[in-house]
Amino acid sequence: MTPSERKPSSKPKPHKAGAGPSAKSTRQTNKAATSGVKPTPKSGAKRTPKSDPKPVAESGATPAGKSAKPAAKAVAAGAPPTTSARGAKARSVALEPSLRIVESRILRGPNYWAREPVIRLLVDLGSLEEYPSNKIPGFVDGLVGMLPSLEDHACSLGRRGGFVSRLRDGTWAGHVAEHIALELQNLAGTDVRHGKTRSAGPYGQYNVIYEFREESVGIEAGRMAVALVNHLVDPVAAPFDLVDELERLILLAERSAFGPSTQALIDEAVSRDIPFIRLDRFSLVQLGQGVHQQRIRATMTSRTSAIGVDVASDKSLTNRLLDSAGLPVPRADVVDREEDAVAVAHRLGFPCVVKPLDGNHGRGVHLDLRSDDAVRAAFHGALAQSRGGDVVVETYVAGKDYRCLVIGGKVAAIAERVPASVHGDGSLSVRQLVDQANQDPRRGIGHEKVLTRIKLDGAAEELVRVQGWELDDVPPQGAWIKLALTGNMSTGGTSIDRTIEAHPDNVEIAETAALIVGLDVAGIDFICPDIATPVRETGGAIVEVNAAPGFRMHTHPTEGEPQYVAKPVIDNLFPPGSGSRIPIVAVTGTNGKTTTVRMIAHILKLMGRRVGMTSTDGIVIDGRLIKKGDMSGPKSAQMVLQNPTVDTAVFEVARGGILREGLGYDRNDVAVVTNVTGDHLGLGGIDSIGQLANVKGVVVEAVPRSGTAVLNADDPHVARMGRHCAGRVVYFSMATEKGKDGFDRVDGHLGRGGAAFGIDPTAEGDLIVLRLGQRTMPVLYTHLIPATFGGRARMNVANALAAAAAAWASGAHLHDIRQGLRTFSTSFFQAPGRLNLLEIGGIRVVIDYCHNVDGMRQLADFVENMVTEPEVRGPKGVRPSRTNGARPRTGRAIGVIGIPGDRRDDDQHDYGAIAATAFDEIYVREDRNLRGRSPGETATNVVAGVKDARTAGNARTTRAEKILDEMTAVRAALRRAAPGDLVVMCVDDAVGVYREAMAASRTPGGPTAFADPGELEAPEG
């Protein structure tokens, strides 16, 4: 078996580890984190295995570099390796804690490995490559002893305890680290389930893939997993304190996680297929995309009035407004001095309440004060929590504490809030009772769980003392000891749902209060003997109106039924029938992506859409360049989706972005794949065209049932992607004769009722047509599309077919497609660096970004068509044969060519050889960024290709010269050109070359290169 055969060349399928979406407590029989299980088809879509061979090593399979003997097959099945499988080398390698992370990647959307966000760790096992888990003394028992919950992991065996069985049979350290990383996240309160481990190709290196919810938590869990494996191999050389590390991970997860209110809103949005984007590391979240977006911060929304928030934060003003509307409120006054507080207390009468004017969460609130000294002490406590330095003194209202949640002017839930407290049992002290209460698994740190742990701080100790107890006293059976004055959940309180018990009069008062303050989401605090009786009769009152009220007491009450209060909030933000997503068109392929993206955006813009477009040129919003540079990655896509003016997105999706970070969004309505050829091979672990096709196929697999994949039927790798599309497939093809692969694929597709865009040769020229089943509809003659140069640029004919199909799939009428293609040209300002044609003193100059072998092949065909007489069509549109296989040229073709340094030597050689068949003279330049090459190395390879083509008799080039600086090469080519010649410049800096070409055409005192120098100015992306 050759090394190339041993490398993984098929895209691993996503899989589930056998666990359903139940809570962690229900994972006993089926937990995620498995490796080697084939995926279950999503949404009922049939998934067909891809053509390339499967990865060799997964979760205990034979790693790359090992012999595929029968004994190794037993290892792949989970059996321990035999001497024939690992044998001699295992005896010569010392066991060391050598597992290390070589590289880590956060993939934030559908990606090469999975459909969900995952973390990819490239790990090197070192000496552990020769030691599976069953060959390391004490490893399995030690790991299960430290993390007994690993028993829940099903792994590829599909049953509880499956992973532990794999451990005892023998599996490798990368696979073990995958499971540990998942389990550590689960122990930190983050529910994750999916994982896989695959050979990375080089000896001992593996890709460890596992799901995450919070990026920082996932990365830290991976680091801890590697450290724990090494610790179990050699505890002395790799010390690891699991308790301390896990506590730190839990605190990190707590800091990173959304609060319970924000999470409730996100869960409700996700259940309605509303996408979300986290905008900061706290609670600011965008729901929806583009023009449909709404924002939330905890329970404040885009529709929350800023004035309403200001009013609610001023308790005195709120009190006056409610009182003026006739609502029951306590009498109150605002003070800023201690003596004034005492005076107001005397005027209002004891008992009274002292609280900060602009406080929240019950901080600094002092209730039932009955003396001057108590008021003085409370004043300073309230002042410490007041942001503005003002304190409210108000009459004390006796009764139970109720929170009425009003959303959109309607009461959504009512909860009775019970302050943090304990009940005596006659045997435990107050301190012990609190410790016992905190053992409740529902209590956690902050908002980590549905209840918060009770804190015994100075205020709690003083309150206990006021009730006649000390913390170490043992209260009698049934004694109720309060530990906080207010019933806030954040101070350890509990809640009882009272929604259905509330009296209609009290409901009306709460709804009126929210309207008066002006809040779409408001928390109305009632103090009254019983919410089931009218407060006007029982003497209750509204003591506070809160903006951004917490939902935890309603969604997770200690007693009673939970209320789904997130639903009315999302109803207000996205009323029934309103949209939350904008159409997304994703375009990928080896060549033609940028031009196709620009064509699609142009068609949709003429339809009145406000299009956000990303490409290797930059980000364009509604026709205006806002960021320049290569913006074909996921971060650029996120920028467009966050733009509130965009109603349609068209993304160029590059291979590198998919491998680095995934798509950056969850799905695209239309996926376009132009072609797949051997470019960028040898980079990022992609070594074959099949693997490259799998990478680009991610956009097709991200098409939903309601979406469309637009695929090139002439390319077998692209056509095969249709098998993995959940939506419909629309083909496009340049083939016009039966017997050609593309033509036959389209023919079969049409026979099944499918749709395709193709070419129909006629006496008037090639006609783009839409074929839908048995019907054929004309669209446009190719020579009427300016970008095709009268049909000579066959690559742009193919791009026009792809763009027409994508626009049609996006809802464009054929009239819109005709108008768009007829008005799209490859002028420098509409498509910089994409076949831009200039006339300079009778010399035709073409500027193009031709950077790979297939691109040069297409460019050579274009050059041939541009410098020869056009062919004359027969009466039925059939091309007559050429005389001696060639047509006479009308001028010379001079090329300035260059290929990036990260392409393989063979690709650089072939690039030059193909160019030699098209150009009479060639000047070879190099990019500014050599991408790891030494100066002149890339140009030497290209020139060698030119020379080899000349030796083989396949070249027309008579002059090939290396001029490494791009601008110097451009000037040399322009000096050599004569009127009637064609100069083609394959550029790195399109703007700089355009300026140079325009400068060459100027006469002294003539116009500058740009009518408006700012036309191409934008910040670098």
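This is a predicted model: local features need pLDDT of at least 70, side-chain atom pairs count only at pLDDT 80 or more; totals for chains, interfaces and linings use all residues.
Which residue stands opposite Leu 837 in E34?

1. Residues are numbered from 1 along each chain as its sequence is written, and side-chain values use heavy atoms, with hydrogens and water left out.

2. The opening question is answered by Val 846, which stands opposite Leu 837. Strands E33 and E34 (residues 843-848) run antiparallel and are joined by five bridges. Strands (E, at least two residues) and helices (H or I, at least four) are DSSP runs, numbered from the N terminus. Two strands count as paired if DSSP finds at least two bridges between them. Strands of a sheet pair through backbone hydrogen bonds, either parallel or antiparallel.

3. Now look at the whole sheet: it is open, has six strands in the order E33-E34-E38-E35-E36-E37, and its pairing is mixed. At the edges you will find E33 (836-840) and E37 (959-962), each pairing on one side only. On average, neighbouring strands of this sheet are turned by 15° against each other, direction ignored.

4. Helix H33 lies across E33, E34 and E38 (982-986), running at about 20° to E33. Contact here means heavy atoms within 4.5 Å. Axes are lines fitted to C-alpha atoms, for helices over the stretch in contact, and angles run from 0 to 180 degrees between N-to-C directions.

5. H33 (residues 990-1001) also packs with helix H32 (residues 966-976), at an angle of about 35° and with their axes 10 Å apart. The contact residues include Met 967, Val 970 and Leu 974 of H32, and Val 993, Ala 997 and Ala 1000 of H33. By class, this contact has six nonpolar, one polar and three charged residues. Ala, Val, Leu, Ile, Met, Phe, Trp, Tyr, Cys and Pro count as nonpolar, Asp, Glu, Lys and Arg as charged, and the others, Gly among them, as polar.

6. Elsewhere, the second largest cavity is lined by 15 residues, with Lys 315, Thr 318, Asn 319, Val 543 and Glu 544 nearest its centre. Helix H11 gives the most to this lining, with five residues. A cavity is a set of points, on a 1 Å grid over the protein atoms alone, where a 1.4 Å probe fits but cannot get out; lining residues have an atom within 4 Å of a point.

Terms used: On a 1 Å grid over the protein atoms alone, a cavity is a set of points where a 1.4 Å probe fits but cannot get out, and a pocket is an open set with protein on both sides within 12 Å along at least five of seven lines; lining residues have an atom within 4 Å of a point.
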